[in-house]
Amino acid sequence: MDLDRLEHIEDRFRLAEHAAIVVLLLEPVLAVLRRLAQEDEFRRRTAWARTGDGADPQ
């Protein structure tokens, strides 16, 4: 786990550097996941509205 690796780093600058690298690498991945979730929710809501009776179209 990442926290296990971090507890051995005592230099605050190294901790900040590690945190910045993790954020820079993970931010694009999280942005893609957020966009996929938004698209999925949009499809669910528009499909529900198209059925007219509120039934799940699947």
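Visitor: Where do Arg-43 and Glu-39 lie, and how many residues apart are they?
Guide: Both lie in helix α2, residues 12-51. They are four residues apart, about one turn of the helix. Keep in mind that this is a predicted model.

Visitor: What do Arg-43 and Glu-39 form?
Guide: A salt bridge. The closest N and O atoms are 3.8 Å apart.

Visitor: Is Arg-43 buried or exposed?
Guide: Arg-43 counts as exposed, because its relative accessibility is 52% and the cut-off for exposed is over 50%.

Visitor: And what about Glu-39?
Guide: Glu-39 counts as partly exposed, at 27% relative accessibility.

Visitor: Switching topic. How many salt bridges turn up in the whole structure?
Guide: A search finds four. One of them joins Arg-44 and Asp-40, with the closest N and O atoms 2.9 Å apart.

Visitor: Where do Arg-44 and Asp-40 sit?
Guide: In helix α2, four residues apart, so about one turn of the helix separates them. Asp-40 is partly exposed, with a relative accessible area of 34%.

Visitor: Which residue does Glu-41 meet in a salt bridge?
Guide: Arg-45. The N to O distance is 2.9 Å.

Visitor: Why are Glu-41 and Arg-45 separated by about one helical turn?
Guide: Because they are four residues apart in helix α2.

Visitor: Which residues do shared partners join into one network?
Guide: Arg-35, Glu-39 and Arg-43, through salt bridges that share partners.

Definitions and conventions. Residues numbered from 1 in each chain as written. Predicted model: local features only at pLDDT ≥ 70, side-chain atom pairs only at ≥ 80, totals over all residues. Heavy atoms only, no water. Salt bridge = Lys/Arg side-chain N within 4 Å of Asp/Glu carboxyl O. Helix = DSSP H or I, 4+ residues; strand = E, 2+ residues; numbered from the N terminus. Buried < 20%, exposed > 50% of the residue type's maximum accessible area, 1.4 Å probe, protein only.
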